[in-house]
Amino acid sequence: MTPAARTQAAIDLLDAVIEAARSGGAAADTVAQRFFAARRYAGSKDRRAIRGLVYEAIRSFGERPASGRAAMVALARGRPELADCFDGSGYGPAPIQADEPEAEAALAPAWLIDAFATSELDTNELAALLERAPVDVRVNRLKADRAAVQAEIGGEPLAFATDALRLATDAPVEPLLAWREGRIEVQDAGSQIVGSLAGAEPGMRVVDLCAGGGGKTLSLAAAMENRGWIVASDTDRARLSRLPERAARAGVTVAETRLLDPKREAEGLADLHGRADVVLVDAPCSATGTWRRNPEARWRLTPERLTRFAEVQSRLLDVAAELVRPGGALTYVVCSLLDAEGRDQVAAFLNRHLGWSVAPIEAAVGRPHGDGRRLTPAHDGTDGFFVARLVRA
Ligand SMILES: C[S@@+](CC[C@H](N)C(=O)[O-])C[C@H]1O[C@@H](n2cnc3c(N)ncnc32)[C@H](O)[C@@H]1O
């Protein structure tokens, strides 16, 4: 493909990403996969170049642009080699007009910049959320140790996360023998840390209430040395259905999946009421802490969606509280840096539930925030998380 044809393809792909973000459709990565599947003529260099332009645009514009062209025209300002591609030739985009509408550079939509400021995050923190993230893997202690895996696949051991190896951005993991044999899992180091703070130990009865595809379930099982019982529940059948295969690969035998009905979660877990040693609530959230990996997520979020997340989070905290045995612990995690989903949720929980207290968190990363701890890309080099530990009297 010519550079002009790649630019037009980037405009078309951006249009599809913008539409998916507007209508609640698939994530940008999935949109891109479908886009290239329908364009087999695009070789690997073409795909890399097109993807590069699209993600550069996504990172550059905080508000959802009106169109892919408005984004690409703005990107072309001050970039003569890109502006030259708007040549109207064959497969290239039409020449740029003097008065053409352009997307405006910004870190995030204005309302979100305000929400971050209220949540005590400055623009440096916000900018770091839009950098490209490394690939972190968790070495599965059930099958391997970190030094041996490092000798095999390389990577940098992280001092603050005992099982983590950090690989380069975009490092392919699934072709590695270590991944196929279940000795490593892709998991951000911050996610590894917040999962470990749940305090799961061998022999315990643990509920991973929002288990999804099981990223944290597998790390809980490793911390439990594969002894005890984990109920990994979720309301999303497709996500949960990925867990058994991952567990088998990782050699995890103590995790049982349980599909819950939305709003009837407590009924689905009735046998565990007051019996769990540890409950982890890795709650559904706006995922503002993972923009390094999904920067177009900020084109999807609205104040209304944020309110809906907060409502679900508070309900799930109440469901989780019923499951914990006296003396047991509830760990609340969100991969969001907005206080409405983190600090404020925990404060409201403590107001609603007498007989619960906050457990101090010892961790080599993050900073205290409200009744919990916050990890951020700028300060910790991880995805952004809020985590709090609550103990039942
Ligand atoms: C942050 S993700 C969990 C990620 C997962 N723990 C991991 O480490 O891979 C949040 C999960 O909450 C689930 N969820 C949403 N509403 C729920 C509900 N009412 N009850 C339980 N899980 C729910 C979503 O389907 C999603 O899988």
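Strands here, like helices, are DSSP runs numbered from the N terminus, with helices (H or I) of at least four residues and strands (E) of at least two. The model is predicted, so that local features need pLDDT of at least 70 and side-chain atom pairs count only at pLDDT 80 or more, while totals for chains, interfaces and linings use all residues. Residues are numbered from 1 along each chain as its sequence is written.

Strand β8 joins two parallel neighbours. Six bridges link β8 to strand β9 (residues 324-334), and the two run parallel. On strand β5 (residues 205-208), the pairing with β8 is likewise in the parallel sense, over three bridges. Two strands are taken to pair if DSSP finds at least two bridges between them. In general, strands of a sheet pair through backbone hydrogen bonds, either parallel or antiparallel. Strand β8 is mostly covered, six of its seven residues being buried. A residue is termed buried if 20 or more other C-beta atoms lie within 10 Å of its own, exposed if 12 or fewer, and partly exposed in between, with C-beta atoms placed from the backbone.

D282 belongs to β8, which spans residues 276-282. D282 is buried because 26 other C-beta atoms lie within 10 Å. Its contacts, apart from neighbours within four places in sequence, are C210, K216 and V333; contact requires that the C-beta atoms of two residues, placed from the backbone, lie within 7 Å. In an unreviewed entry, UniProt lists D282 under "binding site", together with D234 and D261. Positions from UniProt are given in the numbering used here, with shortened feature names, and the annotations may be inferred rather than shown by experiment.

D261 lies in the loop between β7 (255-259) and α14 (265-268). D261 counts as exposed because it has 9 C-beta neighbours inside 10 Å. When residues up to four places away in sequence are not counted, D261 touches T235 and G268.

Ala, Val, Leu, Ile, Met, Phe, Trp, Tyr, Cys and Pro count as nonpolar, Asp, Glu, Lys and Arg as charged, and the others, Gly among them, as polar.

The domain assignment divides the protein into domain 1 (3-106), domain 2 (135-186) and domain 3 (190-392), the bounds coming from an automatic or database domain assignment. Eight residues of domain 1 are in contact with six residues of domain 3. On the domain 1 side, the elements that give two or more residues are α1 (3-23) and α3 (44-60). The residues of that side divide into five nonpolar, one polar and two charged. The C-alpha centres of domain 1 and domain 3 lie 36 Å apart. The unreviewed UniProt entry carries the annotation "domain: SAM-dependent MTase RsmB/NOP-type" for residues 102-393. Over residues 102-393, the chain is 33% helix and 23% strand, with its end C-alpha atoms 57 Å apart.

An open sheet of four strands has the order β2-β3-β1-β4 and antiparallel pairing. Its edge strands, each pairing on one side only, are β2 (156-157) and β4 (184-186). Two bridges connect β2 to strand β3 (residues 164-167) in the antiparallel sense, and P157 has L165 as its bridge partner in β3. V135 is placed in strand β1 (residues 135-139). V135 is partly exposed, with 18 other C-beta atoms within 10 Å. Beyond residues up to four places away in sequence, V135 touches L167, A168, T169, A171, V173 and V186. V135 and W229 are 94 residues apart in sequence and 30 Å apart in space, C-alpha to C-alpha.

S67 is found in the loop between α3 and α4 (68-76). S67 counts as partly exposed, with 15 C-beta neighbours inside 10 Å. Leaving aside neighbours within four places in sequence, S67 is in contact with D15 and I18. Although 49 residues separate S67 and I18 in sequence, their C-alpha atoms are 7.1 Å apart in space.
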